[in-house]
Amino acid sequence: MSFRIASSPHHHSLAQTPALMRTVALAALPGIAAQLYFFGYAVLIQIVLAMLTAWASEAAMLKLRGKPVLVRLKDHSALVTGLLLAIAIPAVAPWWIVVLGTAFAIVVVKQLYGGLGHNLFNPAMAAYVLLLISYPQQMTSWLPPTQLQHHAVTGADPICLVFSGYSCQGFSVAQIKADVDGKTMATALDTLRNDLTAGKTVTESLQQPVFDSYAGLGWSWINLGFLLGGLFLLQRRVIQWRIPVALLGSLTLLSLLAWLADSDRFASPLFHLFSGGTMLAAFFIATDPVSASTTTKGRLIYGALIGALVFVIRSFGGYPDGWAFAVMLANLSVPLIDAYTKPRAYGHRPGI
């Protein structure tokens, strides 16, 4: 018998890593299905492009580093990174956006740091931040739900939009985003932010058709889908409860206090929980075993920090949704968090 030592993420067996990654991909299916229903099948195009790019980038870097290519590719970690990035960006973003982002995530954030288990940042979120800062127009080109589209995106339109920027009928993304009055529709978080800047109250903003009873039309179901997938991951013990519970608890508490103090200026906790990428980040992004905190108390602090940062960015920052920035800032804090929350050795006394 041999005793094998490997870098994080640690689990019961190295052979389980592919199974864990497949479970994560399976758990994301309800959220992806909701995206397909409300925004069309363009997200599938992004997923295919991201996975192909992740596979090719991983293979090329492993070859350059002199590592066994097929063995490392079979852990499926690169494919999961591509999947998470693909479902986080707008479904009709240009094809080169997801290709560039996925290649950056694998080549720079993952492989140049030493491969699986050595990256400081979550690769998908680091790539998302790079794309958002470099290409803000393309990264905010979210279409309204299909029932609100003045020019319906049907048939081969998603393919045309992703690869040419225009639908098969010649409509641009900007034209498809416009309502019958020519006003550009935005996501729920964007709409609320713009309305508050214009002097409207939260109640007045929520009367617009882009909202349902408490959150963005379609986005509440997408978040419910990822919540269902997250509960499945918890049930299968792929992730632990501390990070998502602390994250959602922190976001809920801060948004509740702000809402009770000024409901005209701050949205309700339900709005924050079921808008944007909340559930995706809580269960699929923040729980990354490599870049997250590794101690029991540290995971609670780490999750609470992300939730607090998201609330601050959404309420006072320059971006309507701040998950990627919050996760990366928390990643930077992990060494400090772990240093102050590591368990004390049995029999150890302070000062000795």
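Visitor: What is the handedness of the crossing of H7 and H18, and what makes it that?

Guide: The crossing of H7 and H18 is left-handed. A crossing gets that label if the near helix is turned anticlockwise from the far one by less than a right angle, and is right-handed if clockwise. By the way, this is a predicted model, where local features need pLDDT of at least 70, side-chain atom pairs count only at pLDDT 80 or more, and totals for chains, interfaces and linings use all residues. Residues are numbered from 1 along each chain as its sequence is written, and side-chain values use heavy atoms, with hydrogens and water left out.

Visitor: Why is H7 called oblique to H18?

Guide: Their axes cross at roughly 130° and come within 9 Å. (Axes are lines fitted to C-alpha atoms, for helices over the stretch in contact, and angles run from 0 to 180 degrees between N-to-C directions.) That angle makes H7 oblique to H18, given that under 35 degrees counts as roughly parallel, over 145 as roughly antiparallel, 65 to 115 as roughly perpendicular and the rest as oblique.

Visitor: Which residues meet where H7 and H18 come together?

Guide: From H7 there are Met125, Ala126, Tyr128, Val129, Leu132 and Ile133, and they meet Ala324, Phe325, Val327 and Met328 in H18. Contact here means heavy atoms within 4.5 Å.

Visitor: Why is H7 described as largely enclosed?

Guide: Nine of its twelve residues are buried, so the rest of the structure largely encloses H7. Buried means under 20% relative accessible area, exposed over 50%, and partly exposed in between (1.4 Å probe, protein chains only). Among the buried ones are Pro123, Tyr128 and Leu131. The cover includes helices H5, H6, H8, H16 and H18.

Visitor: How do you know that the length of H3 agrees with what a helix should span?

Guide: Its 23 residues, 42–64, should span 33 Å at 1.5 Å a residue, and the end C-alpha atoms are 33 Å apart, so the two agree. The expected span is 1.5 Å times one less than the number of residues. H7, residues 123–134, reaches 17 Å from first C-alpha to last, close to the 16 Å expected.

Visitor: Why does Ser293 count as buried?

Guide: Its relative accessibility is 3%, and the cut-off for buried is under 20%, so Ser293 gets the label. Ser293 lies in the loop between H16 and H17.

Visitor: What makes the pairing of Ser293 with Asp338 a polar contact?

Guide: The two side chains make that contact at 2.5 Å. A polar contact needs a pair of N or O atoms within 3.5 Å; within protein, one must be able to donate a hydrogen and the other to accept it, and residues adjacent in sequence count only if both atoms are side-chain atoms.

Notes: Helices (H or I, at least four residues) and strands (E, at least two) are DSSP runs, numbered from the N terminus.
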